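Student: I have a model open and want to go through it piece by piece. Can we start with the side chains?

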Amino acid sequence: MEVFIPSFRHEESDLERGYTVFKIEVLMNGRKHFVEKRYSEFHALHKKLKKCIKTPEIPSKHVRNWVPKVLEQRRQGLEMYLQAVILENEELPKLFLDFLNVRHLPSLPKAESCGSFDETESEESSKLSHQPVLLFLRDPYVLPAANDFPDVVIEGVLRGIFYPHLQPR
């Protein structure tokens, strides 16, 4: 698993003063997704992780000014924090995976001992689900087509799979 924080942005709010949102890029098993988190969420994660594993230092909670240079330093510090958690721990806790919106791998013993980031999460929601990737409703070579026009996409795929030696050169 690889984790980066490529960017951040400032959010304005009517209910509270503005805040910064960090965009986290997660690369796992050849797939990439993004998660957005505020510093307060990083801090809450750090407090929970300290109870279960050895954690690196997290950047300071209090930033005196909101200039881009200071926020860039915080972005770099948070990125190094996430990367250090991954490097220093052979097995990642479930709450860390929850924070990054990564589906849990059932073979993580430490994941269960450390608890969940969302304590109300049920066991059923953390199980992997499998969906069919390709489905043919009928065998296109056995049953006649519903209309007079051949389905060139299905025919091309099936010929490519079952008769690759017949492809035009």
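Student: How do the side chains of Glu 41 and Lys 37 meet?

Tutor: Glu 41 and Lys 37 meet in a salt bridge, at 4.0 Å from N to O. Salt bridge here means a side-chain nitrogen of Lys or Arg within 4 Å of a carboxyl oxygen of Asp or Glu.

Student: Before going on, what are the ground rules?

Tutor: This is a predicted model: local features need pLDDT of at least 70 and side-chain atom pairs count only at pLDDT 80 or more, while totals for chains, interfaces and linings use all residues. Residues are numbered from 1 along each chain as its sequence is written, and side-chain values use heavy atoms, with hydrogens and water left out.

Student: Back to that pair. Is Lys 37 buried or exposed?

Tutor: Lys 37 is buried, with a relative accessible area of 9%. Glu 41 is partly exposed, at 28%. Buried means under 20% relative accessible area, exposed means over 50%, and partly exposed is in between (1.4 Å probe, protein chains only).

Student: How many salt bridges does a search of the whole structure find?

Tutor: Five. One of them joins Glu 36 to Arg 9, with the closest N and O atoms 2.4 Å apart. Glu 36 sits in strand S3 and Arg 9 in strand S1, so this pair ties together parts 27 residues apart in sequence. Both count as partly exposed, Glu 36 at 40% and Arg 9 at 32%.

Student: And which salt bridge does Arg 75 make?

Tutor: Arg 75 meets Glu 72, at 2.7 Å from N to O. The two are three residues apart in helix H2, so about one helical turn separates them. Arg 75 is buried at 10%, and Glu 72 is partly exposed at 26%. Elsewhere, salt bridges that share partners join Arg 9, Glu 11 and Glu 36 into one network.

Student: New topic. Which elements does the protein chain have, and in what order?

Tutor: The order from the N terminus is β-β-β-α-α-α-α-α, that is, five helices and three strands. These are DSSP runs numbered from the N terminus: helices are H or I with at least four residues, strands are E with at least two.

Student: How are the strands arranged?

Tutor: The three strands form an open, antiparallel sheet in the order S1-S2-S3. S1 (2–11) and S3 (31–38) are the edge strands, each pairing on one side only. On average, neighbouring strands are turned by 20 degrees against each other, direction ignored. Two strands pair if DSSP finds at least two bridges between them.

Student: How many bridges are there between S1 and S2?

Tutor: Eight, with S2 covering residues 19–28.

Student: What about the turn between S2 and S3?

Tutor: S2 and S3 form a hairpin with two residues between them. Asn 29 is exposed at 71% relative accessibility.

Student: Where does Thr 55 lie, and what does it contact?

Tutor: Thr 55 is in the loop between H1 and H2 and is buried at 18%. Neighbours within four places in sequence aside, Thr 55 contacts His 46, Leu 49, Lys 50 and Tyr 81. Val 85 is 30 residues away from Thr 55 in sequence, with their C-alpha atoms 6.3 Å apart.

Student: Last one: how much of the protein chain is buried?

Tutor: Buried residues make up 32% of its 169 residues.

Methods:
Axes are lines fitted to C-alpha atoms, for helices over the stretch in contact, and angles run from 0 to 180 degrees between N-to-C directions. Contact means heavy atoms within 4.5 Å.
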